[in-house]
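Let's look at how the words used for a protein model get tied to numbers. Have a look at the chain first, then we'll go through some questions.

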Amino acid sequence: LVSAQYLFSLDVKVTPKIISSGEDIIVSTNIKNLGIISDRVDIVVSYEIISEEGELINKSERMVDIRSSTMAIQTSLSTSEIFKLAEDMKPGNYKIIVKVDYQGDEASASDSFYVAKDTFLSKLNKLVNNNQIILVIIALLILIISIWRVIHHYLTHYKKSHKSVKK
């Protein structure tokens with residue numbers, strides 16, 4: 001912000017940096033009041049997630065999500081917001097812009113993240129809601145079926161070759 005009375009510094013971090021559509025991102029924001037007055041004031045903190053594709057498209061068409069809230073700050077403020085990404089979000093680079101507004105003066109900072117293509121394993125992980133026990137059970141079932149197929153194949157071919165040797 002330009003005003004020396006209230007000057008805000010922002011630090012924004014998005015985690016995780018690589019994510020699949022339909023999952024959550026956490027946006028951690030640290031705001032510091034660097035101004036000469038340290039009174040407690042209300043600020044409006046807003047968040048915008050925008051696509052980095054197609055720079056020529058106007059901003060409102062590229063916007064994916066927007067959220068804002070009023071918070072009180074004296075010297076510093078740390079906050080985290082969770083954003084659930086849409087299930088149909090296209091793979092690509094996205095940016096989250098965090099803006100602090102105090103009486104019309106604005107400061108902003110941003111961080112980026114990448115929405116990756118859904119793979120079989122990520123879809124399976126979503127299906128079982130990140131429950132590792134279910135994933136272990138599925139892996140064991142796949143292992144048991146594979147072992148059974150190898151044993152069945154061995155017994156089928158062993159019997160055939162054993163019968164031809166006896167004749």
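Predicted model: local features only at pLDDT ≥ 70, side-chain atom pairs only at ≥ 80, totals over all residues.

Q: Which residue in β3 stands opposite S9?
A: That's K32 in β3. Residues are numbered from 1 along each chain as its sequence is written, and side-chain values use heavy atoms, with hydrogens and water left out.

Q: What makes β1 and β3 a pair?
A: Two strands pair if DSSP finds at least two bridges between them. Here eight bridges join β1 (residues 8-15) to β3 (residues 24-33), and the two run antiparallel. Strands themselves are DSSP runs of E, at least two residues long, while helices are runs of H or I with at least four residues, numbered from the N terminus. The chain has three helices and eight strands, in the order β-β-β-β-α-β-β-β-β-α-α.

Q: Which residues of β1 are on the covered face, and which on the uncovered one?
A: F8, L10, V12 and V14 sit on the covered face, while S9, D11, K13 and T15 are on the uncovered one. In a regular strand the side chains alternate between the two faces of the sheet.

Q: Why is T29 called buried?
A: Buried means under 20% relative accessible area, exposed means over 50%, and partly exposed is in between (1.4 Å probe, protein chains only). T29, in strand β3, has 0%, so T29 counts as buried. Leaving aside neighbours within four places in sequence, T29 is in contact (heavy atoms within 4.5 Å) with L10, D11, V12, Y47, L77, S78, T79 and V98. Across the chain, buried residues make up 30% of the 167 residues.

Q: How do you know that K17 and D111 form a salt bridge?
A: The rule asks for a side-chain nitrogen of Lys or Arg within 4 Å of a carboxyl oxygen of Asp or Glu. For K17 and D111 the closest N and O atoms are 2.6 Å apart, so the pair passes. This pair links distant parts of the chain: K17 is in the loop between β1 and β2, D111 is in strand β8, and they are 94 residues apart. K17 is partly exposed at 41%, whereas D111 is buried at 15%.

Q: What makes E48 and K99 a salt bridge too?
A: Their closest N and O atoms are 3.5 Å apart, so they also fall within the cut-off. E48 is in strand β4 and K99 in strand β7, 51 residues apart. E48 has 8% relative accessibility, so E48 is buried, and K99 is buried at 16%.

Q: Why does the pair K13 and D11 count?
A: The closest N and O atoms are 3.8 Å apart, so this pair meets the rule as well. K13 is partly exposed at 48%, and D11 is partly exposed at 35%. By this rule the count comes to three salt bridges.

Q: What makes V136, L140, L143, I144, I147, I151, Y154, L155 and Y158 a nonpolar patch?
A: Patch members need over 30% relative accessible area and no salt bridge, with nonpolar side chains (Val, Leu, Ile, Met, Phe, Trp, Tyr) joined within 5 Å and like charges within 9 Å. L143, in helix α3, has 47%, so L143 clears the area cut-off. Together the patch has about 880 Å² of accessible area, from the Shrake-Rupley method with a 1.4 Å probe, where for residues only the protein chains shown count as cover.
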